[in-house]
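Here are my notes on the model you sent. Please read them with the structure open.

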Amino acid sequence: LVSRKRQPEDTMVEIKGEKIGDGEQRFVFGPCAVESYEQVFEVAKAMRARGERLLRGGAFKPRTSPYDFQGLGVDGLKILKRVADELDMAVISEIVTPAHMEIACEYVDMIQIGARNMQNFALLKEAGAMKKPVLLKRGLAATIEEFIHAAEYIVTQGNEQLVLCERGIRTYEKATRNTLDISAVSILKQETHLPVMVDVTHSGGRRDLVLPLAKAALAIGADAVMVEVHPDPAVALSDAAQQLDIAQFHQFLDALIASGLYR
Ligand code: PEP
Ligand code: MN
């Protein structure tokens, strides 16, 4: 169902009035994990000042270690929704279990399926059954073919509002957290009709690579780019090494605008 052969026209995904896949390139910003109302509000306020409305934040965090911060759960979703309602923004947040799907849909405008759950087929089917757009991230070691099959699990449930997200894959290279597979963007756009996003934060896992990877993503024709932003990354409860602070967020957008790659 997601094949370009079946549907030659691009699918456009609409999240509370924000469009992904309409030909214009969009950004998703927000902290790795929701930590407090104040933290989310500070990032969201800066986004709003730049005309950015797609707010992401993790409430259910799929952490590699069980001893790391696991997220605020439904309380985190409530914080996201409160901020989004106050500033007229849209909420994107990861759901990790089918049992949380319905309650989550009361708070989120787009359901994120994380890399670690790309082949959690029960979760994919449940997301496909919801009447909300879905953001599906590529698995840590998934081939493009496996990624497309995972997308098919969602769309076969009747939900065509789906965005694919390349977020780097595991290779032997240790200089970066993952290796951004930039060619996947072109291949996914050729082979499917779905919009493609690039997560430049988790791809490199390095703050100094966020800008160059975003330039590459925009240049190759990604429909959207995701970047993590935290008011004070040094004290962040997750992903401290890769999130931008508010000043860096503004510098990032200024640099992209100056480069001519972003409006
Ligand atoms: C995230 O975007 O919050 C995240 C955990 O990323 P990934 O699933 O790609 O590791
Ligand atoms: Mn993160």
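This is a predicted model: local features need pLDDT of at least 70, side-chain atom pairs count only at pLDDT 80 or more; totals for chains, interfaces and linings use all residues.

1. Ligand shell. Ten positions need checking around ligand 1: Cys-32, Gly-58, Glu-94, Gly-114, Ala-115, Arg-116, Lys-137, Arg-167, Asp-199 and His-202. By class, five of the shell residues are charged, three are polar and two are nonpolar.

2. Strand β10, burial. Strand β10 covers residues 224-228, and five of its five residues are buried, so the rest of the structure largely encloses it.

3. Strand β10, neighbours. Which strands flank β10 in the parallel sense? One is β3, residues 26-30, which pairs with β10 over five bridges. Another is β9, residues 196-199, joined to β10 by three bridges and also parallel.

4. Strand β6. Residues 110-113 form β6. Met-110 and Gln-112 point one way, Ile-111 and Ile-113 point the other way, and all are buried. On one pairing, three bridges join β6 to β5, residues 90-94, and the two run parallel. The bridge partner of Ser-93 in β6 is Ile-111. On another pairing, three bridges join β6 to β7, again parallel. There, Ile-113 has Leu-136 of β7 as its bridge partner.

5. Helices α8 and α9. How do α8 (residues 210-220) and α9 (residues 246-259) cross? Their axes come within 11 Å, at an angle of roughly 40°. The two helices are therefore oblique to each other. The crossing is right-handed.

6. Pro-133. This residue sits in the loop between α4 (121-129) and β7 (134-137). Is Pro-133 buried or exposed? Pro-133 has 24 other C-beta atoms within 10 Å. The cut-off for buried is 20 or more, so Pro-133 counts as buried.

7. Asp-88. Check the backbone here. Phi is near 55°, a positive value in a residue other than glycine. Asp-88 lies in the loop between α2 (74-87) and β5. With 10 other C-beta atoms within 10 Å, Asp-88 is exposed, because the limit for that class is 12 or fewer.

8. Asp-239. Please check this backbone as well. Phi of Asp-239 is near 50°, positive in a residue other than glycine. Asp-239 is placed in the loop between β10 and α9. Its count is 19 other C-beta atoms within 10 Å, so Asp-239 is partly exposed. Buried would need 20 or more.

How values were computed. Residues are numbered from 1 along each chain as its sequence is written. Chains are lettered from A and ligands numbered from 1 in the order in which they are written. A residue is near a molecule or strand if its C-beta atom, placed from the backbone, lies within 6 Å of it. Ala, Val, Leu, Ile, Met, Phe, Trp, Tyr, Cys and Pro count as nonpolar, Asp, Glu, Lys and Arg as charged, and the others, Gly among them, as polar. Helices (H or I, at least four residues) and strands (E, at least two) are DSSP runs, numbered from the N terminus. Two strands pair if DSSP finds at least two bridges between them. Axes are lines fitted to C-alpha atoms, for helices over the stretch in contact, and angles run from 0 to 180 degrees between N-to-C directions. Angles under 35 degrees count as roughly parallel, over 145 as roughly antiparallel, 65 to 115 as roughly perpendicular and the rest as oblique. A crossing is left-handed if the near helix is turned anticlockwise from the far one by less than a right angle, and right-handed if clockwise.
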